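Subject: Structure for you to look at

Hello,

Here is the structure I said I would pass on. Please open it next to this message and follow along; my notes come after it.

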Amino acid sequence: ITSRKAQTTRHRVTGIVTTAGAQFIFVDTPGFQTRHRSRLNERMNKVVRQSFAGIDAVVAVVEAGRTTDADRAVIALFPRGARVVVALNKVDLLKDKDALLPQMAALAALFPFVAIVPVSAEKDRALDRLLAELAALLPEGPPVFGDDEITDRDERFLAAEFIREKIFRLLGEEVPYATTVGIDSFKEEGGVRRIQATVYVERDNQRGILVGEGGSRMKEIASRARTDMERLFGGPVFLEVWVRVKAGWSDDEGMLKRFGY
């Protein structure tokens, strides 16, 4: 899932791209959490560190035109000897293309990167070059997944993530980070997926903001999430969503285990 807000990703998610000559298994991790301390954030930071094990290459995504202190902090986490390719993203938004060269030079001074590739993910620019750089770092072997597989996550997980994405996109700064989504029931009957979900928040006032006047905001969140589910699942979805208050869920071991953190 995506949003303009930082640190939207909470789980280790695998995305699969299979071409004629290679299969790329991209492992997307949560952002490294530095702002708030909780058991949830501690677990996400542990996932980030553990994800360096058993991989063949790292793609470090940095925004074209600016390298932030947060970028430098993440780069400092790379083990020496790690094979890292920088994807210098959003070059389509950079008015002064001459700014790329000094930024690339400054990045090269921070770590011995294998390559630094300016790209635009949204405009699909130079992504083929990025894949070519990564393909050169992969070991030879049979494909791990089928040609038509795109992730190792199941539909229950994806349904919960679509709901959480709309919360991040449609609400302000505080409430999205205080929410998590559980799938209570997921059944497929006659080609229709019937899904019941609960959104948990920390406090009563957060519930009021999330539900909205007359339930209007929650209806919009559910409607947008259902549309994305139907597009991905390839069939109709009947979605019901409730909102409940569970104080301290992000520090509750049982809740964290239940939601796969």
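A salt bridge here is a side-chain nitrogen of Lys or Arg within 4 Å of a carboxyl oxygen of Asp or Glu. Before the findings, some notes on the source: this is a predicted model, in which local features need pLDDT of at least 70 and side-chain atom pairs count only at pLDDT 80 or more, while totals for chains, interfaces and linings use all residues. Residues are numbered from 1 along each chain as its sequence is written, and side-chain values use heavy atoms, with hydrogens and water left out.

Salt bridges

Side chains of opposite charge can pair when their charged atoms come close. By the rule above, the count is 13 salt bridges. One of them joins Arg-164 to Glu-161, with the closest N and O atoms 3.0 Å apart. These two residues sit three apart in helix H5 (residues 155-170), so about one helical turn separates them. Helices and strands are DSSP runs, numbered from the N terminus: a helix is H or I with at least four residues, a strand is E with at least two. Arg-164 and Glu-161 are both buried. Buried means under 20% relative accessible area, exposed means over 50%, and partly exposed is in between (1.4 Å probe, protein chains only).

Another salt bridge is formed by Asp-69 and Arg-72, at 3.0 Å from N to O. Because they are three residues apart in helix H2 (residues 69-75), about one helical turn lies between Asp-69 and Arg-72. Asp-69 is exposed, at 62% relative accessibility, and Arg-72 is partly exposed, at 37%.

In helix H7 (residues 216-233), Arg-226 and Glu-230 are four residues apart, about one turn of the helix. Their side chains meet in a salt bridge of 3.6 Å, N to O. Arg-226 is partly exposed at 28% relative accessibility, and Glu-230 is partly exposed at 25%. There is also a network of salt bridges that links Glu-165, Lys-166, Arg-169, Asp-228 and Arg-231.

Strands

Which order do the strands of the open sheet follow? The order is S3-S4-S5, three strands with parallel pairing. Two strands pair if DSSP finds at least two bridges between them. S3 and strand S5 (115-118) stand at the edges with a single partner strand each, so one side of each has no neighbour in the sheet. From one strand to the next, the twist averages 25 degrees. Strand S4 (residues 84-89) pairs with S3 over six bridges in the parallel sense; Val-86 in S4 is the bridge partner of Ala-60.

Helix H4 (residues 127-135) lies across S3, S4 and S5, and runs at about 165 degrees to S5. For such angles, axes are lines fitted to C-alpha atoms (for helices over the stretch in contact), and angles run from 0 to 180 degrees between N-to-C directions.

Strands S1 (residues 13-18) and S2 (residues 23-28) run antiparallel and are joined by six bridges. Val-13 has Asp-28 in S2 as its bridge partner. The hairpin from S1 to S2 passes through four residues.

Surface and interior

Val-17, Phe-26, Val-59 and Val-61 make a nonpolar surface patch of about 280 Å². Patches are made of residues with over 30% relative accessible area and no salt bridge, where like charges are joined within 9 Å and nonpolar side chains (Val, Leu, Ile, Met, Phe, Trp, Tyr) within 5 Å. Accessible areas come from the Shrake-Rupley method with a 1.4 Å probe, and for residues only the protein chains shown count as cover. Val-61 belongs to strand S3 (residues 58-63) and is exposed, at 55% relative accessibility.

Leaving aside neighbours within four places in sequence, Gln-103 is in contact (heavy atoms within 4.5 Å) with Val-62, Glu-63, Ala-64, Gly-65, Arg-66, Thr-67 and Leu-88.

Backbone

Most residues other than glycine have a negative phi. Lys-90, not a glycine, has a positive phi of about 70 degrees. Lys-90 lies in the loop between S4 and helix H3 (100-110) and is partly exposed, with a relative accessible area of 39%. Ala-126, also not a glycine, has a positive phi of about 65 degrees. Ala-126 is in the loop between S5 and H4 and is partly exposed, with a relative accessible area of 27%.

Regards
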